[in-house]
Number of protein chains: 2
Amino acid sequence: MISSRRISAVVLAVSLTAVSSVGRSEEAGMAGARAAVEQGNARFSEAIARSDVKAVAALYTEDAIMLPERGAMVKGRQAIGEFWKTAMDGGVKSVTLTTLDVGANGDLAHEVGNVLLMINVEGRPPATASAKYVVVWKREADGWKMHRDIWNDPPPE
Amino acid sequence: MISSRRISAVVLAVSLTAVSSVGRSEEAGMAGARAAVEQGNARFSEAIARSDVKAVAALYTEDAIMLPERGAMVKGRQAIGEFWKTAMDGGVKSVTLTTLDVGANGDLAHEVGNVLLMINVEGRPPATASAKYVVVWKREADGWKMHRDIWNDPPPE
């Protein structure tokens with residue numbers, strides 16, 4: 001048996017939902033973009049973990065631009081794939097991405113996050129490196145891709 | 001008197017214009033975003049040159065996030081204004097921004113560029129610092145604002 005109090009609670013919940021539906025499609029788009037960004041990041045981490053250069057490169061747009069810390073800009077999917085191949089050959093074993101903020105409008109989204117790299121070079125103790133980043137994501141026919149990718153050093157400890 | 005050759009040239013030009021009108025509104029939007037970004041950058045440089053903290057802050061969105069090199073994230077227009085006040089108090093006299101690339105979709109645009117800072121501290125020789133950057137611009141009711149702002153060091157020379 002449902003109490004009248006419970007029914008009131010349900011009615012209130014429905015009313016609040018109706019009120020908050022202002023800007024609902026914008027919020028839905030934002031939630032979709034955030035899910036797409038997090039899914040893209042999961043794929044990126046998995047691809048790095050299995051040293052799959054092709055899968056890493058496929059997560060960038062054909063005309064992506066990457067701005068590495070203390071490095072020259074890297075332009076285009078192929079060159080970015082080569083950048084990550086060099087990084088993996090140099091000992092990068094895993095990448096952990098933590099998304100802190102996502103905003104989106106139409107086919108563009110922007111992400112702010114933190115990244116933690118695990119670096120393992122034979123004969124040396126395992127090391128880590130961290131950075132904060134901004135990625136501009138672009139929705140293409142086959143899904144959201146990284147279009148602009150830049151990071152920099154965290155504050156000194 | 002107009003020669004038939006000239007008329008042919010005009011017809012050809014009109015035909016080419018018609019062909020290239022595919023994607024014309026997208027190009028117009030992109031050109032508009034690029035002009036807005038360059039105008040925003042000009043205003044930013046002017047505001048820095050006259051040490052106008054309020055005008056600098058007004059070029060950012062209320063909920064902007066800045067990711068300074070080797071510094072903690074700076075969140076919100078007011079905190080970003082304070083960041084630039086500290087930079088100007090610390091000797092930053094001018095900022096020269098060179099836009100290298102702009103892309104846009106709807107109310108979001110992304111910019112890649114280079115920045116050159118002129119730093120003048122009393123009793124020391126004038127110095128410069130440079131960086132490459134990505135800025136995410138957002139169109140608001142009163143114009144395009146910087147929404148995400150991150151830079152990092154150029155390659156070592």
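Me: Which strands of chain A does helix α4 lie across?
Reply: This is a predicted model, so everything here describes a prediction. In chain A, helix α4, which covers residues 77–89, lies across β1, β2, β3, β5 (127–140) and β6 (143–152), and the helix runs at about 55° to β1(A).

Me: OK, and in what order do the strands of the chain A sheet come?
Reply: The order in chain A is β2-β1-β6-β5-β4-β3, in an open sheet of 6 strands with mixed pairing. The edge strands of chain A are β2 (74–75) and β3 (92–105), each of which pairs on one side only.

Me: How many bridges join β1 to β2 there, in chain A?
Reply: Strand β1 of chain A, residues 60–67, is joined to β2(A) by 2 bridges, and these two strands run antiparallel. As for individual residues, A:Ile65 has A:Lys75 in β2(A) as its bridge partner.

Me: Switching to chain B: what is the strand order in the open sheet there?
Reply: In chain B, 6 strands form an open sheet in the order β2-β1-β6-β5-β4-β3, again with mixed pairing. Strands β2 (74–75) and β3 (92–105) of chain B are the edge strands, pairing on one side only.

Me: And do β1 and β6 of chain B run parallel or antiparallel?
Reply: They run parallel, with 4 bridges joining strand β1 (residues 60–67) of chain B to strand β6 (residues 143–152) of chain B. B:Leu67, for its part, stands opposite B:Ile150 in β6(B).

Me: Where does helix α4 of chain B sit?
Reply: Helix α4 of chain B, residues 77–89, lies across β1, β2, β3, β5 (127–140) and β6 of chain B, and its direction is at about 55° to β1(B).

Me: Now the two chains together: how many residues does each give to the contact?
Reply: Chain B gives 32 residues and chain A gives 32 residues. Between them the two chains bury about 2500 Å², with 69% of that area on carbon and sulfur atoms.

Me: How many salt bridges are there between chain B and chain A?
Reply: The count is 2 salt bridges, and one between the chains is formed by A:Asp101 with B:Arg148, whose closest N and O atoms are 2.8 Å apart. There are also 14 residue pairs in polar contact between the chains.

Me: Which strands on the chain B side supply at least two residues each?
Reply: On the side of chain B that touches chain A, β1, β3, β4 (108–119), β5 and β6 each supply at least two residues. By class, that side of chain B has 17 nonpolar, 8 polar and 7 charged residues.

Key: Residues numbered from 1 in each chain as written. Chains lettered and ligands numbered in written order. Predicted model: local features only at pLDDT ≥ 70, side-chain atom pairs only at ≥ 80, totals over all residues. Heavy atoms only, no water. Pairing = 2+ DSSP bridges. Contact = heavy atoms within 4.5 Å. Axes fitted to C-alpha atoms, helices over the stretch in contact; angles between N-to-C directions. Buried area = accessible area lost by both parts, 1.4 Å probe. Salt bridge = Lys/Arg side-chain N within 4 Å of Asp/Glu carboxyl O. Polar contact = N/O pair within 3.5 Å; in protein donor to acceptor, adjacent residues only side chain to side chain. Nonpolar A, V, L, I, M, F, W, Y, C, P; charged D, E, K, R; others polar.
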